[in-house]
Amino acid sequence: MTRQIYALLCALTALLLCSCGESRNKKAAPTEADAPLSFFSDANAGLEPYRLCDAVLTSQEGMESAFPDETDSFFEETTPEAEAFYFPAADIKDESLVRTVQLRYNYVALFNRVIHSYEWFQRASTGIADETTTRKDTLEWIRYARPKVSESVIRAALPDAGAQARAKRLLQAYDRFDGNDSAGSPFSVAVKRYTEALSELPELVSKEETDRFEERFWDWYDKRNVVPEIDTLVRMNMYEYEGPKPSDEQLENLKRAIEAERDIDRRTILALEYVKFSTWDGVPLLGEIIESRIYTKYLLEAWISWRANAQMNLSPSSFSVIVNNYYDKVRTICLDTMVRHCLESEDKNAEVLLENLLFCEIIHRMGSIAGNSSFNDSAMLSYNMFIHPRLLPEEE
């Protein structure tokens, strides 16, 4: 992605200074002696699993089926683009908050479909000698990757005349895109106008609510309140950890403890750490939590981790299929869960997390040195994202 378009992307997605990923200016507090790690105990081997739901979409089979069996272009996926948009479940009342969530999310979802196509074009055309690339080649690449979003989907997803008009203009700008994405080019100007118009949409949370959330975030989110031993487990995957790691038997005991856990917060916290040790077995545990549609304040983190690890498992390269439509289809399940909770509880903290979920960027094709951005997301989940400041180095 070029510097110009990337800057415009950040303008759209980095709207909230969420406390989730960094320690801000807090000093690392002294850590109490860690309690014994009971979830590694051999006694867990006899626990009976408690199924939250019959997960289908996020099962290992469902995850694998989201990727095509074969593709020469690393662009196709099996989930249609229309399924990446949010349409509230039938049981959710038509209220102002619901309409605002739908409009704000789908406005960004349309933008993300364009960015996904643009990044594929950037990857497909990178490294090819200019003297062998013709204008015809460039236009064919662009046309091949055009977002397949119909007018009927736009009308249903964006029930606002102004938003519909802007969405159509953005798609038309992609249609006219000829590879020139420099500052001031028609495509860059269209992207800039689309992102700037986000301020015209109804507000979900105010700046005051966001500031209050940030100030109180760690007292509210602290996982040690739910799992007293969690800090020891978190440290085992942090940068520069040199202590002992759990054995295969201990990890199996941890998995048994997670599958038997009925408390949704505790189950999610443990699954978020287990997936760092065993990605392949951990992703379905997070998927079951998401598909259960049971609210937990850790749901945003669960979806981010599920998505990053699912992509890492099956397709980590920048020259690979990135199933962003599939990930966003699962994101809409989380939206339903969080919307239901907000309607029932008037939980302002949950509304700010919901706003963050709306604006989570897609997995970017060239998002890390090693490949797509799932590499970076996975690393940050182990090093500082959602990790309590008491476990992070003190800031100078």
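Modeller: I will start with glutamate 288, which is in contact with Tyr50, Arg51, Leu52, Cys53, Ala55, Thr58 and Arg267, leaving aside neighbours within four places in sequence. Please keep in mind throughout that this is a predicted model. Glutamate 288 belongs to helix H12, which covers residues 279-292. Is glutamate 288 buried or exposed? Its relative accessible area is 5%, and the cut-off for buried is under 20%, so glutamate 288 is buried. One of the residues it touches, Leu52, also takes part in a polar contact with it: a polar atom of the glutamate 288 side chain lies 2.7 Å from the backbone nitrogen of leucine 52.

Before going further along the chain, here is the overall setting. The chain has 396 residues, 55% of them buried. Its secondary structure consists of 16 helices and 0 strands. Of the contacts between residues at least 6 apart in sequence, 80% join residues at least 24 apart.

The next stop is serine 378, in helix H16 (residues 374-383). Serine 378 also counts as buried, because its relative accessibility is 16%. The side chain of serine 378 reaches the backbone oxygen of serine 374, with a distance of 2.9 Å. If residues up to four places away in sequence are not counted, serine 378 touches Ala308, Asn309 and Met312. Isoleucine 304 is 74 residues from serine 378 along the chain, and the C-alpha atoms of the two are separated by 9.0 Å.

Ala308, Asn309 and Met312 are among the residues of H13 that meet H16, which brings us to the packing of these two helices. Two packed helices are described by the angle between their axes and the distance between the axes. Helix H13 (residues 299-314) packs with H16 at an angle of about 130 degrees, and the axes are 9 Å apart. H13 is therefore oblique to H16. The two helices make a left-handed crossing. On the H13 side, the residues that meet H16 are Glu301, Ile304, Ser305, Arg307, Ala308, Asn309, Gln311 and Met312, while H16 contributes Ser374, Phe375, Asp377, Ser378 and Leu381. Sorted by class, this contact has 5 nonpolar, 5 polar and 3 charged residues.

A second pair is H14 (residues 324-345) and H15 (residues 348-359), whose axes come within 10 Å and cross at roughly 160 degrees. Angles over 145 degrees count as roughly antiparallel, so H14 and H15 are roughly antiparallel to each other. H14 passes H15 in a left-handed crossing. From H14, the residues involved are Arg331, Cys334, Leu335, Met338, Val339, His341 and Cys342, and from H15 they are Ala350, Glu351, Leu353, Leu354, Leu357 and Leu358. By class, the contact of H14 with H15 has 10 nonpolar, 1 polar and 2 charged residues.

H15 has a contact with H3 as well. The axes of H3 and H15 come within 9 Å, crossing at roughly 25 degrees. That angle means H3 and H15 are roughly parallel to each other. Leu97, Val101, Arg104, Tyr105 and Val108 of H3 make this contact with Glu351, Leu354, Glu355, Leu358 and Phe359 of H15. The classes here are 7 nonpolar, no polar and 3 charged residues.

Most residues other than glycine have a negative phi, and most peptide bonds are trans. Phenylalanine 74 has a positive phi of about 50 degrees although it is not a glycine. Phenylalanine 74 sits in the loop between helix H2 (60-65) and helix H3 (96-125). With 15% relative accessibility, phenylalanine 74 counts as buried. For phenylalanine 386, phi is near 65 degrees, again a positive value in a residue other than glycine. Phenylalanine 386 lies in the segment after H16. Its relative accessible area is 5%, so phenylalanine 386 is buried.

Technical notes. Residues are numbered from 1 along each chain as its sequence is written. This is a predicted model: local features need pLDDT of at least 70, side-chain atom pairs count only at pLDDT 80 or more; totals for chains, interfaces and linings use all residues. Side-chain values use heavy atoms; hydrogens and water are left out. Helices (H or I, at least four residues) and strands (E, at least two) are DSSP runs, numbered from the N terminus. Buried means under 20% relative accessible area, exposed over 50%, partly exposed in between (1.4 Å probe, protein chains only). Contact means heavy atoms within 4.5 Å. A polar contact is a pair of N or O atoms within 3.5 Å; within protein, one must be able to donate a hydrogen and the other to accept it, and residues adjacent in sequence count only if both atoms are side-chain atoms. Axes are lines fitted to C-alpha atoms, for helices over the stretch in contact, and angles run from 0 to 180 degrees between N-to-C directions. Angles under 35 degrees count as roughly parallel, over 145 as roughly antiparallel, 65 to 115 as roughly perpendicular and the rest as oblique. A crossing is left-handed if the near helix is turned anticlockwise from the far one by less than a right angle, and right-handed if clockwise. Ala, Val, Leu, Ile, Met, Phe, Trp, Tyr, Cys and Pro count as nonpolar, Asp, Glu, Lys and Arg as charged, and the others, Gly among them, as polar.
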